Amino acid sequence: MWDMPDSGSIFGAMLQEFDEAARILNLEPGIWRILTHPKRQITVSCPVQMDNGEIEVFTGYRVQYNITLGPAKGGIRYHPDVTLDEVTALAAWMTWKCAVAHIPFGGGKGGVVCDPTRMSRRELEALTRRYVAEIIDAIGPEKDVPAPDVNTNDQIMAWVMDTYSMHVGHTSTAVVTGKPVELGGSLGRREATGRGVMIVTREAAKHLGLDLKSATIAVQGFGNVGSVSADLLARAGARIVAVSSSKGGVYNAKGLDIAEMLDYAREHKTIDHFPGGESIDNEQLLALDADVLIPAALENQITADNAGTIRAKIVTEGANGPTTPDAHKMLHGRGIFVIPDILANSGGVTVSYFEWVQDRYGYFWEEEEVNARLEKKMREAFDDVLQTSLKYKVDLRTAAYIVAISRVGTVTKMRGMYA
Ligand code: NAD
């Protein structure tokens, strides 16, 4: 029996969001119970010989939260603070995200407790291969398809694909997404999450009558999601006034030159001391007087303690779980239009789905086709959630859960109970 989490847990925050929508839907108790329990949680120990000759043992997790709609889908995170609670919450959010995006996947997530910034490339490869070997019976194109997340990238996905392929005895590209394009990755995948963030922000601005071309935007996190969101929104004409990383941020009221900043980040591996603006810390960034705030770093950044300081009209959740449930109530109560993570950052998993489809077909699309299909899927998802929020008179997060729970719940009932 899975113990229900105590307060303060990230999975607990997911449950609070879930319950709100399930109550409105009058969800049957049996379906409610099924959808609030993870299907499978795997914990593994991964011994790795480090460069200094010592053997270290890293703890890894893979959670398959729900596979009713299709194979589990979700990234692998490398971070010192990874916990089973966090990975379970992220796997649940993947379940709802895939349902909102209307793609035939369930939800999964993986994580390894490690600090990749202190590891060599060889150590990272050894850890990745050992982690994959430990979970190998649970993954596969029909079972569970990992992808990149915080601190993992296309090279790590290439090692995942190679390790799995060596094990099954043939090249299996569809076992993982977010791979390099040369070995079965999709054009447009690297930019997909940020592109989706740009699309839903643009749709929200349209809905609220805000002109994106005169809008100001602050972005927390300048990794894959944050940097691409900033770049594409700047190209759409918006003024990016601040961005940050874990060490702090840069602010320029006239707008930062994002193209220059991307070059700087590529060269220096950091945005610290970028010459085009003044330094600010992450709390200051969140409280800036910008029209749009995009948290694109980690969970629990907007809390009851700082929600009152937020002045944005739109908060687009590029990260997973950046706003705690209490903080979300405060933002919604103040009329701030929050585009929830399970909608806002679903562009990544949508193009991961396109990658999986292309791998299975062995036929690859032009980038324009990928982007056009993503645009259509994101607009449909945004519209489904917006219409649901108007119909039920609820915030967008509750509406997104209503859409997701209805879809997964209906199929759960149709499939019936085994044994
Ligand atoms: P990443 O590792 O590429 O970048 C993370 C960024 O956040 C880095 O710039 C890091 O310096 C910054 N950061 C870390 N802690 C911070 C803090 N306390 N304050 C400010 N900045 C901080 O990761 P990513 O892939 O861009 O993922 C970011 C978020 O988006 C995560 O929540 C992830 O789960 C979510 N997400 C990612 C994808 C994807 O396709 N990569 C898809 C959906 C959701």
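How many residues of strand β6 (residues 216-220) are buried? Five of its five, so count this strand as mostly covered, with buried meaning under 20% relative accessible area (1.4 Å probe, protein chains only). This is a predicted model, where local features need pLDDT of at least 70, side-chain atom pairs count only at pLDDT 80 or more, and totals for chains, interfaces and linings use all residues. Residues are numbered from 1 along each chain as its sequence is written, and side-chain values use heavy atoms, leaving out hydrogens and water.

**The sheet**
- Seven strands make an open, mixed sheet, running β9-β8-β7-β6-β10-β11-β12; strands (E, at least two residues) and helices (H or I, at least four) are DSSP runs numbered from the N terminus, and two strands pair if DSSP finds at least two bridges between them.
- At the edges sit β9 (278-280) and β12 (337-339), each pairing on one side only.

**Strand β6 and its partners**
- Both faces of β6 are covered: Thr 216, Ala 218 and Gln 220 are buried on one side, Ile 217 and Val 219 on the other.
- With strand β7 (residues 239-245), β6 pairs in the parallel sense over five bridges, and Gln 220 has Ser 244 in β7 as its bridge partner.
- Getting from β6 to β7, the chain passes through helix α7 (residues 224-235) in a right-handed β-α-β crossover (clockwise from the first strand over the helix to the second, with the strands pointing away from the viewer).
- β6 also runs parallel to β10, joined by four bridges; here Val 219 is partnered by Ile 294.

**From β10 to β11**
- Strand β10 (residues 292-295) runs parallel to strand β11 (residues 314-316), with two bridges joining them.
- Leu 293 stands opposite Val 315 in β11.

Definitions and conventions
Buried < 20%, exposed > 50% of the residue type's maximum accessible area, 1.4 Å probe, protein only.
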